[in-house]
Amino acid sequence: MATLGLRQALAQETPLQIVGTINAYTALLAQSVGFRAIYLSGGGVAAASYGMPDLGMTNLTDVAEDIRRITYACELPLLVDVDTGWGNMFNIARTIKTLIKAGAAGAHLEDQVQAKRCGHRPKKELVDRNEMCDRIKAAMDAKYDTHFIFMARTDALSVEGLDKTLERIESYVAAGAEVIFLEGATELSQYETISRFCRVPILANITEFGVTPLFSKAELQQAGVQFILYPLSAFRAMSAAAVNVYTAIRKQGTQQSVLSTMQTREQLYDILHYHQYEQKLDELFAQGKAK
């Protein structure tokens with residue numbers, strides 16, 4: 001379970017870089033290179049755990065299982081994507097309580113309609129401000145752990161423009177949102193405007209092959225961003241590497257040509273502390289024999 005929350009991690013590193021981890025092992029990999037916070041993407045759960053597109057087809061049970069696996073193995077605070085909350089206000093409350101019990105450190109919930117779309121795809125539809133504020137109030141009312149951070153995500157920028165987005169953000173913060181997740185930004189100036197206007201921290205979603213340029217940490221810091229999210233970067237790289245290996249084995253009849261791209265057995269064992277487990281087994285067996 002996480003020993004530090006997102007606020008503590010932010011105090012150690014601002015802006016706080018949060019990297020996507022699709023399972024427990026990738027969470028350990030992120031921890032091994034020094035990241036202070038990790039993320040479970042709804043799209044990542046859909047694609048990696050269920051082989052489905054990011055169109056709201058997974059549910060709370062699906063996501064909670066991945067949360068439990070990650071938080072059991074890794075102590076880093078885990079931010080979780082809960083889409084639109086999976087139902088009415090009671091469902092949203094249940095979602096927040098379930099996440100806290102599963103060990104998540106925070107969640108973001110968005111203002112799209114229930115039949116949501118990927119934030120970087122066209123034809124998104126939003127609920128009205130009042131309905132999203134009701135979602136936020138339900139989530140905050142259910143949040144019984146003060147260390148847990150609730151974020152309100154808005155997809156309004158590409159649908160309604162900047163001025164309407166600012167109006168929504170003002171309402172969302174008034175309803176209790178502790179962080180604003182701005183989806184679909186196309187310019188640094190948009191972050192700058194919102195960070196000046198907004199009295200809570202801002203999260204920038206820096207995902208590849210979408211509408212948002214790959215702004216650097218330094219650029220986003222200058223623009224007033226406090227959280228930077230990289231939701232599926234490693235998953236995309238892992239997937240491309242897997243196709244490369246499968247293709248080599250299929251075409252060449254051997255994996256010899258791609259060995260240099262693979263993690264070695266010893267590197268795997270180092271991440272998992274395999275030898276420490278073996279040592280523990282040896283100690284236990286030795287005790288048994290002594291008896």
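1. In this predicted model, the buried residues of helix H9 (residues 188–197) are Gln-190, Tyr-191 and Ile-194, where buried means under 20% relative accessible area, exposed over 50% and partly exposed in between, with a 1.4 Å probe and protein chains only. Viewed down the axis of H9, these buried residues fall within an arc of 95°, so they line one face of the helix; the arc is that of the directions from the helix axis to the C-beta atoms. Helices (H or I, at least four residues) and strands (E, at least two) are DSSP runs numbered from the N terminus.

2. The cover over the buried residues of H9 includes helix H7 (156–160), helix H8 (162–175), strand E6 (179–182), strand E7 (202–205) and helix H10 (217–222), with contact meaning heavy atoms within 4.5 Å. Ser-171 is found in helix H8 and, at 18% relative accessibility, counts as buried; leaving aside residues up to four places away in sequence, Ser-171 touches Arg-129 and Cys-133.

3. On the basis of the model, residues are numbered from 1 along each chain as its sequence is written, and side-chain values use heavy atoms, with hydrogens and water left out. Local features need pLDDT of at least 70 and side-chain atom pairs count only at pLDDT 80 or more, whereas totals for chains, interfaces and linings use all residues.

4. A search of the whole structure finds two aromatic pairs, for which rings of Phe, Tyr and Trp (its six-membered ring) must have centres within 6.5 Å, planes under 30 degrees apart counting as stacked, over 60 as edge-to-face and the rest as tilted. The rings of Tyr-191 and Phe-215 have centres 6.2 Å apart and planes at 85°, so this pair is edge-to-face. Because Tyr-191 lies in helix H9 and Phe-215 in the loop between E7 and H10, the pair ties together parts that are 24 residues apart in sequence.

5. Tyr-191 counts as buried at 0% relative accessibility, and Phe-215 counts as buried at 12%. In the pair of Tyr-269 and Tyr-274, the ring centres are 4.1 Å apart and the planes at 10°, so the pair is stacked; here Tyr-269 is buried at 16% relative accessibility, while Tyr-274 is partly exposed at 32%.
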